[in-house]
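Visitor: I am new to this structure and would like to learn how to read it. Please show me the model.

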Amino acid sequence: MEAREENITKAAQLLHIIQPTLSRQLMQLEKEPGGELFNRSNHRIILTEDGMLL
């Protein structure tokens, strides 16, 4: 869902959760495989190659 939105706030709205909750969940997800799954900028979030594979 979020990968299509390229925006955590919009993705959180679509998932009916608050943005901080989604951000925490994404950070936890990245800790599990031990690598970056997303490239973040000020207003966008894009999957890395590892994120696409996952």
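Guide: What follows goes from the overall fold to single residues.

Guide: This is a predicted model, in which local features need pLDDT of at least 70 and side-chain atom pairs count only at pLDDT 80 or more, while totals for chains, interfaces and linings use all residues. Residues are numbered from 1 along each chain as its sequence is written, and side-chain values use heavy atoms, with hydrogens and water left out.

Visitor: How many helices and strands does the protein chain have?

Guide: Helices (H or I, at least four residues) and strands (E, at least two) are DSSP runs, numbered from the N terminus. Here the protein chain has four helices and two strands. Read from the N terminus, the order of the elements is α-α-α-β-β-α. The radius of gyration is 11 Å, close to the 10 Å that the globule rule gives for 54 residues, so the protein chain is as compact as a globular protein of that length. That radius is taken over C-alpha atoms, and the globule rule is 2.2 Å times the number of residues to the power 0.38. The C-alpha trace spans about 25 × 20 × 15 Å along its principal axes.

Visitor: What part of the protein chain counts as buried?

Guide: Buried means under 20% relative accessible area, exposed over 50%, and partly exposed in between (1.4 Å probe, protein chains only). Of the 54 residues, 26% count as buried. The accessible surface of the protein chain is about 4200 Å², and 53% of this belongs to carbon and sulfur atoms. Such areas come from the Shrake-Rupley method with a 1.4 Å probe; for residues, only the protein chains shown count as cover.

Visitor: How should I read contacts, for example those of T48?

Guide: Contact means heavy atoms within 4.5 Å. Among contacts between residues at least 6 apart in sequence, 21% join residues at least 24 apart. T48 lies in the loop between β2 (45-47) and α4 (49-53). Leaving aside neighbours within four places in sequence, T48 is in contact with E36, L37, F38 and N39. With a relative accessible area of 12%, T48 is buried.

Visitor: Which side chains meet in a salt bridge?

Guide: A salt bridge is a side-chain nitrogen of Lys or Arg within 4 Å of a carboxyl oxygen of Asp or Glu. The structure holds one. In that salt bridge the side chains of E30 and R40 meet at 3.1 Å, N to O. The pair links distant parts of the chain, with E30 in helix α3 and R40 in strand β1 (residues 38-40), ten residues apart. E30 counts as buried at 12% relative accessibility, and R40 counts as partly exposed at 43%.

Visitor: How many positive and negative side chains does the protein chain have?

Guide: Lys and Arg count as positive and Asp and Glu as negative; His and the chain ends are not counted. There are 6 positive and 8 negative side chains, and the centres of the two sets lie 8 Å apart. The place of a charge is taken as NZ of Lys, CZ of Arg, CG of Asp or CD of Glu.

Visitor: What is the phi of H16?

Guide: Most residues other than glycine have a negative phi. H16 has a positive phi of about 60° although it is not a glycine. H16 is found in the loop between α2 (8-15) and α3 (19-31), and counts as exposed at 72% relative accessibility.

Visitor: Which residues is Q19 in contact with?

Guide: Q19 is found in helix α3. Leaving aside neighbours within four places in sequence, Q19 is in contact with I8, T9 and A12. At 33% relative accessibility, Q19 counts as partly exposed. The C-alpha atoms of Q19 and E36 are separated by 19 Å, and the two residues are 17 apart along the chain.
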